[in-house]
Amino acid sequence: MNDILTWVGEHQEILSLGVSALSFLTAAAAIVVSVQIERRSRKFNQNSVKPLLSFELVDLPHRVAVKIRNDGVGVGIITDVRIFTAGIGGGSWNVLLNAIEAMDEEKQLSNRGIWKRYQQPIKGIAIAPGAERFLIELENKPTEQTAALRQILGKLEMEIVYTDIYDKPQKHLKSDFQYFDRADRYMI
């Protein structure tokens, strides 16, 4: 035991340097752990406000509608809308208006007075969790207008580009609307 005490007394500088090195390593490890915890916390916060948008298509004898629902836990902010139509190509929300006008002028679907809801513009719309937003809705007795709208919608494909509140791009919402062009329309 005396040998150990004698050695410690003779080598205090080395022991002091060792204690300092051990303190430095402990502090460095604490910083690394702290940075990892902060990164995981940020990722958790971003994932805890993740929107999940989906289309809801309504096709009843007296009502035709397309709406977007947010089934996620965060606000979805629409940044772009792309619509693709057979024979017309792709483009923005105005393509739907152009398609309606080009494909069916005689039914007056471009007359905004017939619409119950008609959302424009779509870019920049924020959809809260659990909320829904109608893009278009036509509600009246079954007429040639509702039949014409079903034909037009049945040829469309829509893609919604959106972000969360952190401006992080989300998986694009894309769907065709062939549902409106089905043969088994009102079979119960």
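Biologist: Which residue's side chain meets that of Lys67 in a salt bridge?

Modeller: Start with the rule: a salt bridge is a side-chain nitrogen of Lys or Arg within 4 Å of a carboxyl oxygen of Asp or Glu. Here the partner of Lys67 is Glu56, at 3.5 Å from N to O. The pair links distant parts of the chain, as Lys67 is in strand E2 (residues 63-70) and Glu56 in strand E1, 11 residues apart. Before going on, keep in mind that this is a predicted model, where local features need pLDDT of at least 70 and side-chain atom pairs count only at pLDDT 80 or more, while totals for chains, interfaces and linings use all residues. Residues are numbered from 1 along each chain as its sequence is written, and side-chain values use heavy atoms, with hydrogens and water left out.

Biologist: Are Lys67 and Glu56 buried or partly exposed?

Modeller: The scale is relative accessible area: buried is under 20%, exposed is over 50%, and partly exposed lies in between (1.4 Å probe, protein chains only). Lys67 has 6% and counts as buried, whereas Glu56 has 24% and is partly exposed.

Biologist: How many salt bridges does a search of the whole structure find?

Modeller: There are 11. One of them joins the side chains of Asp71 and Arg69 at 2.8 Å, N to O. Asp71 is partly exposed at 42% relative accessibility, and Arg69 is partly exposed too, at 30%. A network of salt bridges links Glu56, Lys67, Arg69, Asp71 and Glu132.

Biologist: Which side chain is joined to that of Glu159 by a polar contact?

Modeller: A polar contact is a pair of N or O atoms within 3.5 Å; within protein, one must be able to donate a hydrogen and the other to accept it, and residues adjacent in sequence count only if both atoms are side-chain atoms. For Glu159 the partner is His172, at 2.9 Å. Glu159 sits in strand E8 (residues 156-163) and is buried at 11% relative accessibility. Contact, in the plain sense, means heavy atoms within 4.5 Å. Leaving out residues up to four places away in sequence, the residues that Glu159 touches include Asp80, Arg82, Phe84 and Lys174.

Biologist: Why is the ring pair of Phe177 and Phe180 edge-to-face?

Modeller: A pair of aromatic rings is described by the distance of the centres and the angle of the planes. Rings of Phe, Tyr and Trp (its six-membered ring) pair if their centres lie within 6.5 Å; planes under 30 degrees apart count as stacked, over 60 as edge-to-face and the rest as tilted. This rule gives three aromatic pairs. Phe177 and Phe180 have ring centres 6.3 Å apart and planes at 90°, so they are edge-to-face. Tyr179 and Phe180 also form an edge-to-face pair, with 5.7 Å centre to centre and 70° between the planes.

Biologist: Which residues do the ring pairs link into a cluster?

Modeller: The cluster holds Phe55, Phe177, Tyr179 and Phe180. Phe177 and Phe180 are both buried, with a relative accessible area of 1% for Phe180. Tyr179, at 36% relative accessibility, counts as partly exposed.

Technical notes: Helix = DSSP H or I, 4+ residues; strand = E, 2+ residues; numbered from the N terminus.
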